[in-house]
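Hello,

Here is the structure you asked about. Please open it alongside this note; what I found follows below.

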Amino acid sequence: MLTTHYVPGAPNWLDLGAPDVDAAAAYYAAVFGWTFQSAGPEGGGYGFFQRDGATVAAVGPLTEEGAAPAWTAYFHTADADATCKAVEQAGGRVRVAPMDVFTAGRLAMLTDPTGADFAVWQPGEVTGLDAVMEPNTLCWTELYATDAAAAKEFYGTVFSWSFQDVSMGGDLLYSLASAPGAGAGEDTAHGGILQLQQMHLDAGSTSEWHPYFGVTDCDASYHTATQHGGTPLIAPMDVPGIGRMAMLMDPAGAPFALLKGDRPKP
């Protein structure tokens, strides 16, 4: 599961690229009760979503040409430059070369061979998010992949992730991903990879990472999210052994999911 004791390969940051930062801040304040703290005049409009004073995500204006509103998952690395080389050698692409963010850390923006965007964060003064696995914070990361086998090979090579495949019925498999040293399985996984079905591929769906935010009442949070302009993608549904989940897009079009887990956290 996710933790703030960050190890290489584990998710350690999350931010939203938005066409209107103020509108995004207002929306997520309504849905999750987050407050927004600007990074200051040198931050270029970037800022932090906070819950009870703890940073749980971040948001900034779209900076890449042609970029669509989206959440970006960052994975911990001890050496962003070396990770970028590994990404290229494994068939991925470096969209934004490694760069220092003041003294906070070093980042790079990347794309895997299936077309999914992600990023890496090499900690400096900022290790990562202050809180995860709590109500209204990040609790899971999930890749919808056009080629799940290729994605698993890539992330296994770049981050040394291990995988456990779980049957979802028929030929559909869900691959639980765990960072090195965490072991492989439901209790150590930080995310999952799911193969997009043919009907979605035929409709033009592309590979995407999605964040899941833990909530205390999935239906109530879903209602709030849609009432404030979110677009439904998956209505609240029970997932045996996992909990109750839903997926939607925020008013700008960035997809995210909600999860009320069945299993108590340790």
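In what follows, contact means heavy atoms within 4.5 Å. Please keep in mind that this is a predicted model.

Start with N12. It sits in strand β1, which covers residues 11-18. Leaving aside neighbours within four places in sequence, N12 is in contact with Y6, Y74, F75, H76, W121, P123, T127, G128 and L129. Is N12 buried or exposed? N12 is buried, because its relative accessible area is 0%, and the cut-off for buried is under 20%.

Strand β6 spans residues 93-101 and strand β7 spans residues 105-111. The two run antiparallel and are joined by six bridges. V96 in this pairing stands opposite M109 in β7. Three residues lie between the strands, and F102 takes a positive phi near 50 degrees.

Now the whole chain. It has five helices and 16 strands. The radius of gyration is 17 Å, close to the 18 Å that the globule rule gives for 266 residues, so the chain is as compact as a globular protein of that length. Along the principal axes, the C-alpha atoms fill a box of roughly 55 × 45 × 40 Å. Buried residues make up 45% of the 266. Of the contacts with a separation of 6 or more, 56% are between residues 24 or more positions apart. The accessible surface comes to about 12,100 Å², and carbon and sulfur atoms account for 53% of it.

Best wishes

Notes:
Residues numbered from 1 in each chain as written. Predicted model: local features only at pLDDT ≥ 70, side-chain atom pairs only at ≥ 80, totals over all residues. Heavy atoms only, no water. Helix = DSSP H or I, 4+ residues; strand = E, 2+ residues; numbered from the N terminus. Buried < 20%, exposed > 50% of the residue type's maximum accessible area, 1.4 Å probe, protein only. Pairing = 2+ DSSP bridges. Rg over C-alpha atoms; globule rule 2.2 N^0.38 Å. Areas by Shrake-Rupley, 256 points an atom, 1.4 Å probe, with all protein chains shown as cover.
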